[in-house]
Amino acid sequence: MDRAASASSWLPRGAGGLAALVIVATACQNLIDLGPRARDKNATTISACGFGQGSTSQACVSCLEQHCCSQNLACSEDPQCARQKVALTECVYDVPCIQDVLADAGTGSKVRKFSSCATGCTVQCYPTDECLRLAQCCQQLSSLERSGCADLVDSEDQTRCKEARTATFCPP
């Protein structure tokens with residue numbers, strides 16, 4: 001199943017651009033530093049745009065760099081926006097949670113500007129197959145477990161996603 005078909009079959013109807021944000025926010029969930037350049041906690045290298053390379057699919061990182069470099073840098077330089085971005089990523093594909101974070105951020109906020117540009121990367125950043133199945137389980141976990149679950153989903157390592165899903169906390 002291709003990524004676009006996966007997204008349309010799993011996400012709630014009527015979620016529209018918000019569904020794309022959920023996908024991209026989760027894919028960017030490793031950006032946690034509140035300093036001048038957001039850093040990816042699991043990345044092997046950091047791009048000039050502040051995106052980590054090595055923990056999220058290269059196609060996703062490339063797309064985000066192409067479409068969202070200035071927005072990501074602006075957000076990472078603003079502690080409030082960086083915290084809001086972390087809050088978005090902690091939602092892990094939960095649309096009502098994402099809606100609450102964005103509502104709290106307000107229209108015109110830097111995090112909304114970042115999320116708006118990031119919707120163009122839905123296909124590149126959406127998890128597939130076993131990692132998509134694992135993502136569906138992440139929402140049921142505590143916030144501490146959810147972060148590790150999202151890290152694994154973002155890796156797109158189908159073998160590890162399947163192992164985690166079947167051996168740990170997810171129904172078959």
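**View 1. Surroundings of Cys-138 in the predicted model.** Leaving aside residues up to four places away in sequence, Cys-138 is in contact (heavy atoms within 4.5 Å) with Val-92, Arg-146, Cys-149, Ala-150 and Val-153. The model is predicted: local features need pLDDT of at least 70, side-chain atom pairs count only at pLDDT 80 or more, and totals for chains, interfaces and linings use all residues. Residues are numbered from 1 along each chain as its sequence is written, and side-chain values use heavy atoms, with hydrogens and water left out.

**View 2. The largest nonpolar core.** A nonpolar core is a set of buried Ala, Val, Leu, Ile, Met, Phe, Trp, Tyr and Cys residues joined through side-chain atoms within 4.5 Å; buried denotes under 20% relative accessible area with a 1.4 Å probe, protein chains only. Leu-134, Cys-138, Cys-149, Leu-152, Val-153 and Cys-161 touch the most other members among the 14 residues of the largest core. Two or more residues each come from helices H8 (129-138), H9 and H10 (158-169), helices being DSSP runs (H or I, at least four residues) numbered from the N terminus. H8 supplies the largest share, five residues.

**View 3. Ala-150 in helix H9.** Helix H9 spans residues 143-155 and contains Ala-150. Ala-150 counts as buried because its relative accessibility is 0%. The C-alpha atoms of Ala-150 and Cys-91 lie 9.6 Å apart, although 59 residues separate the two in sequence.

**View 4. Helix H4 and its ends.** Buried residues in H4 include Cys-81, Val-86 and Leu-88. Val-92, which follows H4, has a positive phi near 40°.

Terms used:
Buried < 20%, exposed > 50% of the residue type's maximum accessible area, 1.4 Å probe, protein only.
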